[in-house]
Amino acid sequence: MDSKRTSRRDLLKAGAALATLGTVGKAQAQHDHQVIPSSKNAYPMIHGSKELVEYGQRSKYVTSVRIQHPPDGRPSPDAFGKVFHVATPLQDSVGVITPSSLHYVATTRGSYMPDIDPKQHTLTIHGSVDRPLTLTMDDLKRFPSVTRVHFIECAGNRHNGRQKTVQETHGMTSCAEWTGVLLSTLLKECGLKGSAKWFVAEGAEEVKGASSMPIAKAMDDCIIAYGMNGEPLRPQQGFPVRLMVPGFEGIFHTKYLRRIKVTDQYYMTYNEFGHLRPDAKELALSEQIGPKSVITYPSGTQRLPGRGLYEITGLAWSGGGAIRMVEVSTDGGKKWNRA
Ligand SMILES: Nc1nc2c(c(=O)[nH]1)N[C@H]1C(S)=C(S)[C@@H](COP(=O)(O)O)O[C@H]1N2
Ligand SMILES: [Mo]
């Protein structure tokens with residue numbers, strides 16, 4: 001108890017350095033299972049704790065973590081507790097779902113995350129609609145929901161030769177199970193006017209994350225998501241609600257979503273640098289990701305422990321449809337085998 005009080009006081013005094021200290025302390029605590037020796041069992045036994053009971057922890061032998069992106073860029077968190085880009089450890093992924101704790105994080109300009117009380121939060125849909133809507137989170141959850149697996153990928157992924165690991169080249173890609181209400185369901189409730197051609201989505205923080213997107217995409221498969229991997233979204237992923245624009249570049253997936261304006265033309269928003277194409281078809285194609293693939297094991301800087309058979313693992317994804325087939329070459333591209 002005493003040490004808790006001291007560390008709290010120290011943290012308060014430490015000012016700006018505190019954010020960094022706090023993070024380090026937590027990361028260690030995550031692996032801090034107490035074990036007790038056991039004469040009856042082959043292994044030492046894990047001592048139950050409040051944390052283990054209430055929210056669970058991974059094994060202390062699993063140490064995979066996110067890293068700042070790019071590695072030579074601005075640190076996350078920085079000395080002020082701001083978070084910029086953070087990359088997923090794809091080299092350690094098991095299966096295709098990224099655990100929420102390891103999902104990549106991107107802020108369009110690097111900022112503090114908003115700490116939103118879902119009871120105070122509303123989502124407004126207005127503009128070229130017959131009946132504008134303002135929904136509380138409870139209202140939103142009364143609409144029929146869908147649960148779907150979707151990847152998100154940031155345009156910040158780089159492979160220009162300076163990156164060594166798959167986390168550095170592709171770590172700004174993650175895949176999760178998302179739950180929410182189809183945007184088309186809400187737009188049907190509002191009634192689209194004939195002039196509705198585009199929509200602009202806006203987030204609640206100062207950077208807003210506004211983007212213009214074709215209304216056809218909204219009516220197709222966009223999700224107003226409040227759930228991720230079986231629990232409410234994490235603050236880093238847009239709690240309490242975000243827009244999912246399956247297959248579109250990450251920047252369109254507006255977090256902390258508070259407003260959707262249906263418009264007759266695209267808006268020049270903060271996000272539109274280099275992104276905007278006035279033609280809806282051209283835009284849809286240029287903003288769609290993939291098809292892409294990457295080998296996660298064995299990958300950059302990893303070493304095989306010795307001779308023998310190893311399973312090659314990897315990920316393949318596409319913004320424009322489902323992946324049907326993957327081929328892999330083990331001789332530099334001369335021969336290709338079905339994966
Ligand atoms: N409100 C808001 N939405 C946002 C952003 C942001 O900074 N603010 N970043 C965007 C970017 S650049 C990407 S790649 C995705 C990343 O989503 P994630 O952090 O959940 O991985 O969110 C997008 N939505
Ligand atoms: Mo991004």
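1. The shell around ligand 1 splits into six nonpolar, nine polar and four charged residues. Here Ala, Val, Leu, Ile, Met, Phe, Trp, Tyr, Cys and Pro count as nonpolar, Asp, Glu, Lys and Arg as charged, and the others, Gly among them, as polar.

2. This is a predicted model: local features need pLDDT of at least 70 and side-chain atom pairs pLDDT 80 or more, while totals for chains, interfaces and linings use all residues. Residues are numbered from 1 along each chain as written, chains are lettered from A and ligands numbered from 1 in written order, and side-chain values use heavy atoms, without hydrogens and water.

3. Ligand 1 has 19 residues around it, each with a heavy atom within 4 Å. The closest are Tyr104, Thr108, Glu205, Arg242 and Lys255.

4. The fold has eight helices and 18 strands. These are DSSP runs: H or I of at least four residues for helices, E of at least two for strands.

5. Of 339 residues, 40% are buried, meaning under 20% relative accessible area (1.4 Å probe, protein chains only). The protein exposes about 19,500 Å², with 55% of it from carbon and sulfur atoms.

Methods
Buried < 20%, exposed > 50% of the residue type's maximum accessible area, 1.4 Å probe, protein only. Areas by Shrake-Rupley, 256 points an atom, 1.4 Å probe, with all protein chains shown as cover.
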